[in-house]
Amino acid sequence: MLRRRKNQKNLVWAEVLESYIIYKYIERTQLSNFWDITPYLKEISNLIVKLHSYGLASNDIWSENFILDSKGRLKIIDLSDNGFLSICQANDWLALKRFYGIEAENKSIFYYLISWRNAFRSYLRKLRGKEA
């Protein structure tokens, strides 16, 4: 994986191009193609636990970033190397809770801080008369 450095725009484009080329040739079915993904929720949770145990995070959890390979195995794509790992992992669990109702197995202090921040932002939006 290429890492972006300041003033190296060509490197960023190479990273995007390489990712697209690799993605183009993966035989897969995105979970977003299914009407009901509830049969995969436990497997998604286990996949995130495994991902975090390797010291990685997605920081972009949604159904298009989960694929079934040609053998029917669930995989996660589009991993992030941007940001503080513990915050990215907390964001993974918060997204799983928000979109799929999956609770975090181990909640870090960052999970609680980000949850509080999100609730506070929602409250402020309601005060201003905007949708939360």
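## Packing of helix 2 and helix 3

Helix axes are lines fitted to C-alpha atoms over the stretch in contact, and the angle between two of them runs from 0 to 180 degrees between N-to-C directions. In this predicted model, helix 2, which spans residues 41–53, packs against helix 3 at an angle of about 175°, and the two axes lie 11 Å apart. Angles over 145 degrees count as roughly antiparallel, so helix 2 is roughly antiparallel to helix 3.

Helix 2 contributes Leu41, Ile44, Ser45, Ile48, Val49, Leu51 and His52 to the contact, while helix 3 contributes Gln89, Asp92, Trp93, Leu96 and Tyr100. Divided by class, the residues of this contact are 8 nonpolar, 3 polar and 1 charged.

Serine 58 lies in the loop between helix 2 and strand 2 (66–69). Its relative accessible area is 1%; because buried means under 20%, serine 58 is classed as buried.

Leaving aside residues up to four places away in sequence, serine 58 touches Leu51, Ile76, Asp78, Leu79, Ser80 and Asp92. Among these residues, Leu51 of helix 2 and Asp92 of helix 3 also take part in the contact between the two helices.

## Second largest pocket

The second largest pocket has a volume of about 350 Å³. It is lined by 13 residues, and those closest to its centre are Leu94, Ala95, Arg98, Ile114 and Asn118. Helix 3 (85–100) and helix 4 (109–127) are the elements that give two or more residues to this lining.

By class, the lining comprises 5 nonpolar, 4 polar and 4 charged residues.

Key: Residues numbered from 1 in each chain as written. Predicted model: local features only at pLDDT ≥ 70, side-chain atom pairs only at ≥ 80, totals over all residues. Heavy atoms only, no water. 1 Å grid on protein atoms, 1.4 Å probe; cavity = no way out; pocket = protein on both sides within 12 Å on 5 of 7 lines; lining within 4 Å. Points joined across faces, edges and corners; volume = space filled by probe spheres on them. Helix = DSSP H or I, 4+ residues; strand = E, 2+ residues; numbered from the N terminus. Nonpolar A, V, L, I, M, F, W, Y, C, P; charged D, E, K, R; others polar. Parallel < 35°, antiparallel > 145°, perpendicular 65-115°, else oblique. Contact = heavy atoms within 4.5 Å. Buried < 20%, exposed > 50% of the residue type's maximum accessible area, 1.4 Å probe, protein only.
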